[in-house]
Amino acid sequence: MAKEKEFEKKEKKSKMKKVKKERKPGYLKEVNMELKKVTFPTLKDVVKYTFATILFCVVLVCFFLLLNLLLSGLKGMF
């Protein structure tokens with residue numbers, strides 16, 4: 001009885017391995033098809049978004065710097 005269960009487990013594992021191997025080529029084909037649909041940004045877009053990100057970070061730094069100075073000044077009053 002125990003041998004039959006072990007044999008069934010091994011058989012299920014071997015079937016699963018076969019199924020996984022069969023799916024890979026189809027999966028990779030689908031990935032390749034999806035990657036063909038992707039449009040990557042141009043250099044101009046990358047430069048524009050990089051500049052916008054840096055500018056946004058500078059604005060946030062200035063905001064928090066001023067907030068920190070203001071709150072430090074208020075703390076010194078009391």
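This is a predicted model: local features need pLDDT of at least 70, side-chain atom pairs count only at pLDDT 80 or more; totals for chains, interfaces and linings use all residues.
The protein chain has 2 helices and 0 strands. Helix H1 covers residues 2-37, and helix H2 covers residues 43-77. The chain comprises 78 residues, of which 0% are buried. Its accessible surface amounts to about 8300 Å², and carbon and sulfur atoms supply 70% of that area.

Helix H1 contains the contact between charged side chains. A search of the whole structure finds 1 salt bridge, which joins Lys-37 to Glu-34, with the closest N and O atoms 3.3 Å apart. How far apart do these two residues lie in helix H1? Lys-37 and Glu-34 are separated by 3 residues, which corresponds to about one turn of the helix. The two partners may also be described by their accessibility. Lys-37 has a relative accessible area of 59% and is therefore exposed, since the category begins over 50%. Glu-34 has a relative accessible area of 46%, so this residue is partly exposed.

Attention now turns to the nonpolar side chains. A nonpolar patch on the surface is formed by Phe-56, Leu-60, Phe-63, Phe-64, Leu-67, Leu-70, Leu-71, Leu-74, Met-77 and Phe-78. Together these residues have about 1100 Å² of accessible area. One member of the patch, Leu-74, is placed in helix H2. Leu-74 counts as partly exposed because its relative accessibility is 39%.

The structure holds 1 aromatic pair. Why is the pair formed by Phe-63 and Phe-64 called edge-to-face? The centres of the two rings are 5.1 Å apart and their planes stand at 70 degrees, so the arrangement is edge-to-face; the angle required for this class is over 60 degrees. Phe-63 counts as partly exposed because its relative accessibility is 47%. Phe-64, at 49% relative accessibility, is likewise partly exposed.

The cysteines complete the account. How many disulfides does a search of the whole structure find? The search finds 0 disulfides. Cys-57 has a relative accessible area of 42% and is therefore partly exposed. Cys-62 is also partly exposed, with a relative accessible area of 40%.

Note on methods: Residues are numbered from 1 along each chain as its sequence is written. Side-chain values use heavy atoms; hydrogens and water are left out. Rings of Phe, Tyr and Trp (its six-membered ring) pair if their centres lie within 6.5 Å; planes under 30 degrees apart count as stacked, over 60 as edge-to-face and the rest as tilted. Buried means under 20% relative accessible area, exposed over 50%, partly exposed in between (1.4 Å probe, protein chains only). Patches are made of residues with over 30% relative accessible area and no salt bridge: like charges are joined within 9 Å, nonpolar side chains (Val, Leu, Ile, Met, Phe, Trp, Tyr) within 5 Å. Accessible areas come from the Shrake-Rupley method with a 1.4 Å probe; for residues, only the protein chains shown count as cover. A salt bridge is a side-chain nitrogen of Lys or Arg within 4 Å of a carboxyl oxygen of Asp or Glu. Helices (H or I, at least four residues) and strands (E, at least two) are DSSP runs, numbered from the N terminus. A disulfide is a pair of cysteine sulfur atoms within 2.5 Å.
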